[in-house]
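Hi,

Here is the structure I promised to pass on. Have a look at it first, and then read on for what turned up.

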Amino acid sequence: MTPVKVFGPAQSTNVARVLLCLEEVGAEYEVVNVDFTVMEHKSPEHLKRNPFGQIPAFQDGDLYLFESRAIGKYILRKYKTREADLLREGNLREAAMVDVWTEVETHQYNSAISPIVYECIINPAMRGIPTNQKVVDESAEKLKKVLEVYEARLSQSTYLAGDFVSFADLNHFPYTFYFMGTPYASLFDSYPHVKAWWERLMARPSVKKLAAVMAPQGAVIFKLQ
């Protein structure tokens with residue numbers, strides 16, 4: 001079987017999300033670099049893969065997909081097994097909870113945590129732009145409120161959708177991994193159930209493998225969905 005292809009660097013948060021899903025299901029894949037220095041992501045060839053000129057793009061035979069969460073769901077459906085059932089679509093209630101917390105990550109968690117990563121890592125390290133402390137402070141307060149909800153939820157279940165790891169949990173890995181490299185990582189200490197949940201995620205073999213790839217170039221993140 002020909003390996004699927006993922007276009008974009010593993011250090012990208014959105015590419016990492018796709019690769020994490022592939023690792024979880026044990027699928028063969030090839031990572032194809034996209035050279036931003038020569039605007040390869042805007043080339044006609046790449047625009048055929050992703051019409052918005054962003055990353056990741058994904059190829060499985062003659063099928064091309066873009067948008068990291070949609071790609072992740074495709075992977076988890078295609079390679080689903082009894083051991084790797086991360087969408088729980090065979091159980092209406094469980095699948096609904098996976099959907100709910102996937103949406104929460106997208107609209108609540110990510111919007112609070114990503115500005116902190118950008119202001120503390122991306123802007124100063126990659127763009128030479130000083131950290132905007134006002135943005136950081138406002139985002140940290142927003143994140144605290146989100147984590148209060150997470151703390152309550154995770155005091156009732158091992159993972160977000162229930163007592164099983166799911167796509168909803170995996171989606172949190174890329175930005176949280178980089179967030180833990182900022183001066184605000186200790187914020188998680190105030191939420192013991194959240195911290196324990198994060199430690200469980202970090203102990204997964206798939207997460208360890210991706211973390212090792214992302215860590216050497218931790219400042220290289222592209223917000224190019």
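A salt bridge here is a side-chain nitrogen of Lys or Arg within 4 Å of a carboxyl oxygen of Asp or Glu. Keep in mind that this is a predicted model. By that definition, the structure holds eleven salt bridges, and a few are worth a look.

Start with Arg-49 and Glu-45, whose closest N and O atoms are 3.1 Å apart. Both sit in helix α2 (residues 44–49), four residues apart, which is about one turn of the helix.

Asp-60 is buried at 13% relative accessibility, and Lys-78 is partly exposed at 38%. There is also a network, in which salt bridges with shared partners join Arg-17, Arg-69 and Glu-105.

What about Arg-204 and Glu-24? Their side chains form a salt bridge too, 2.9 Å from N to O. The two are 180 residues apart, with Arg-204 in the loop between α8 (192–202) and α9 (205–214) and Glu-24 in helix α1. Glu-24 counts as buried, at 16% relative accessibility.

That brings us to α1 itself. Why call it largely enclosed by the rest of the structure? Because 13 of its 13 residues are buried. Its length works out as well: at 1.5 Å a residue, the 13 residues of α1 (residues 13–25) should span 18 Å, and the end C-alpha atoms are 19 Å apart, which agrees.

An unreviewed UniProt entry annotates residues 2–83 as "domain: GST N-terminal". Over that stretch the chain is 37% helix and 20% strand, and its end C-alpha atoms are 23 Å apart.

One last stop is Pro-115, which is placed in helix α4 (residues 92–127). Pro-115 is partly exposed, with a relative accessible area of 21%. Leaving aside residues up to four places away in sequence, Pro-115 touches Asn-110, Val-135 and Ser-139. The C-alpha atom of Pro-115 is 9.7 Å from that of Asn-132, 17 residues away along the chain.

Cheers

Methods
Residues numbered from 1 in each chain as written. Predicted model: local features only at pLDDT ≥ 70, side-chain atom pairs only at ≥ 80, totals over all residues. Heavy atoms only, no water. Expected span 1.5 Å × (residues − 1). Buried < 20%, exposed > 50% of the residue type's maximum accessible area, 1.4 Å probe, protein only. UniProt positions renumbered as here; feature names shortened; annotations may be inferred. Contact = heavy atoms within 4.5 Å.
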